[in-house]
Amino acid sequence: TDIDRLSAADYRPTERDALTVRTRTTGIIELEFQFMEARYRLIDVGGQRSERKKWIHCFQDVTAILFVAALSGYDLVLFECRHRNRMLEAIELFDDICNTSWFVDTSIILFLNKCDLFREKIEAGIQLTECFPHYTGVLTYDETLRFIRSEFLQRNRDAQKSIYPHVTCATDTKNIEVVFGAISDTLLRDRLDSAGLMI
């Protein structure tokens, strides 16, 4: 069992162990890395409500915002506010970030993450109406996913703003590699376009 393996004296973490470890993000964490031919600086800001007031100064002159929302959170509540739905909170925060004057010229990459857990919940019959009472569609993975994507995208009130949604499973390295490759291409096109080099 995993408990026996994890508690063994000679335990060595696997790649899977590293991908599934979880810790609450508090404060601001910066990570620089290279992917393909480009260098990136990723700024991870705490997702908890108490951390949000610390964000704004991190975002001057950013190329893009990577907004991660857990699809599987539609039937869960916030850690720090037990009466607030996680999905609705994420949509409200996305609305705020998407429409603030600070990010008028900033592309937003929307990661609808934890698609594996979301699929399990939908297939187990956990109703989307727990979060969205106005949902009248069929309880299938594809239809509910389309609905949630639309709930996020319709928050954008600026027709000129670029939003790039991706469905992800952060523990699936192949999925993340493909998505990150697409993001890199998107950011490069955006930069070329803003420099007047795209036709």
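In the predicted model, M87, A90, I91 and F94 of helix α3 are in contact with I148, E151 and F152 of helix α5, where contact means heavy atoms within 4.5 Å. By class, this contact has 6 nonpolar residues, 1 charged residue and no polar ones; Ala, Val, Leu, Ile, Met, Phe, Trp, Tyr, Cys and Pro count as nonpolar, Asp, Glu, Lys and Arg as charged, and the others, Gly among them, as polar. Helix α3 spans residues 86-99 and helix α5 residues 141-153, and their axes come within 9 Å and cross at roughly 35°. Axes are lines fitted to C-alpha atoms, for helices over the stretch in contact, with angles from 0 to 180 degrees between N-to-C directions. Helices (H or I, at least four residues) and strands (E, at least two) are DSSP runs, numbered from the N terminus.

Strand β1 (residues 28-35) pairs with strand β2 (residues 38-45) in the antiparallel sense over 8 bridges; pairing requires at least two bridges found by DSSP. E32 has R41 in β2 as its bridge partner. The hairpin of β1 and β2 has 2 residues between the strands, and M36 there takes a positive phi near 60°.

The structure holds 0 disulfides, a disulfide being a pair of cysteine sulfur atoms within 2.5 Å. The sulfur of C169 lies 5.1 Å from its closest cysteine sulfur, in C115, which is too far for a bond. C115 counts as buried at 15% relative accessibility, and C169 is buried at a relative accessible area of 10%. Buried means under 20% relative accessible area, exposed over 50%, and partly exposed in between (1.4 Å probe, protein chains only).

Residues are numbered from 1 along each chain as its sequence is written. Local features need pLDDT of at least 70, side-chain atom pairs count only at pLDDT 80 or more, and totals for chains, interfaces and linings use all residues, while side-chain values use heavy atoms, leaving out hydrogens and water.
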